Amino acid sequence: TRHSSEFLNILTQRGYIHQCSDFAGLDALAAKNDVTAYIGFDCTAPSLHVGSLVQIMLLHWLQQTGNKPIVLMGGGTTRVGDPSGRDESRRILSLEDIENNKAGIQQVFAKFLKFGSGNGDAEMVDNAEWLTKLNYIEMLRDVGKHFSVNRMLAMDSVKLRTASSICPPSRQAFPRMNQLSKDAGSNLIATSRSAIALANSP
């Protein structure tokens, strides 16, 4: 399928797209260089593994085709010991370790993106800026670990809730991404490793 925007043509040719909620809408925005998109990365290590290359290159091509990429660092969410395996939680890192890891990851992105203050320049933000002010991190780390995800998903009330809930992405992005969208007067797009989702700003 041939699109009107260079951005979607490149992603299609390279096999980046698995799903898109609104191809026509995204294509129209990208053709006008009116797309602002973000992808989140936790600061669990001083660098990123090869599995992150697809997301990084997606942001790279977004910028190369005249749109604005945002790198959302998980300085806040990294403080929560999310499960990394079946039987143990992810090691909780010190604030110093998280900052050192973030600095290392910034060096990785500097090789693929141009950062600055211009309209098309990339921006790096850290969800610790807003999550730490909500005391949400402490709640997730100290209370959330006692809740079994499998048991919760077996409950009808949770199933109904998750059918329409955007809790995980909204937790990571709120409220900074919403404010960025309003400030830029543009559409904000949340992307993942295998899908593109279009979200129109109010």
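Guide: pLDDT is the predictor's confidence in each residue, on a scale from 0 to 100. The mean pLDDT of the protein chain is 78, and 71% of its residues reach 70 or more. This is a predicted model, in which local features need pLDDT of at least 70, side-chain atom pairs count only at pLDDT 80 or more, and totals for chains, interfaces and linings use all residues. Residues are numbered from 1 along each chain as its sequence is written, and side-chain values use heavy atoms, with hydrogens and water left out.

Visitor: Which elements have the lowest and the highest mean pLDDT?

Guide: Helices (H or I, at least four residues) and strands (E, at least two) are DSSP runs, numbered from the N terminus. Strand E5 (residues 196-199) has the lowest mean pLDDT, 40, among the elements of the protein chain, and helix H4 (residues 95-110) the highest, 95. Over residues 192-202, pLDDT stays under 50.

Visitor: How are two packed helices described?

Guide: The description uses the angle between their axes and the distance between the axes. Axes are lines fitted to C-alpha atoms, for helices over the stretch in contact (heavy atoms within 4.5 Å); angles run from 0 to 180 degrees between N-to-C directions. Here, helix H1 (residues 6-13) packs with helix H3 (residues 53-64) at an angle of about 150°, and their axes are 9 Å apart. Angles over 145 degrees count as roughly antiparallel, and H1 and H3 are therefore roughly antiparallel to each other.

Visitor: Which residues meet between H1 and H3?

Guide: Phe7, Ile10 and Leu11 in H1 meet Leu58, Trp61 and Leu62 in H3.

Notes. Parallel < 35°, antiparallel > 145°, perpendicular 65-115°, else oblique.
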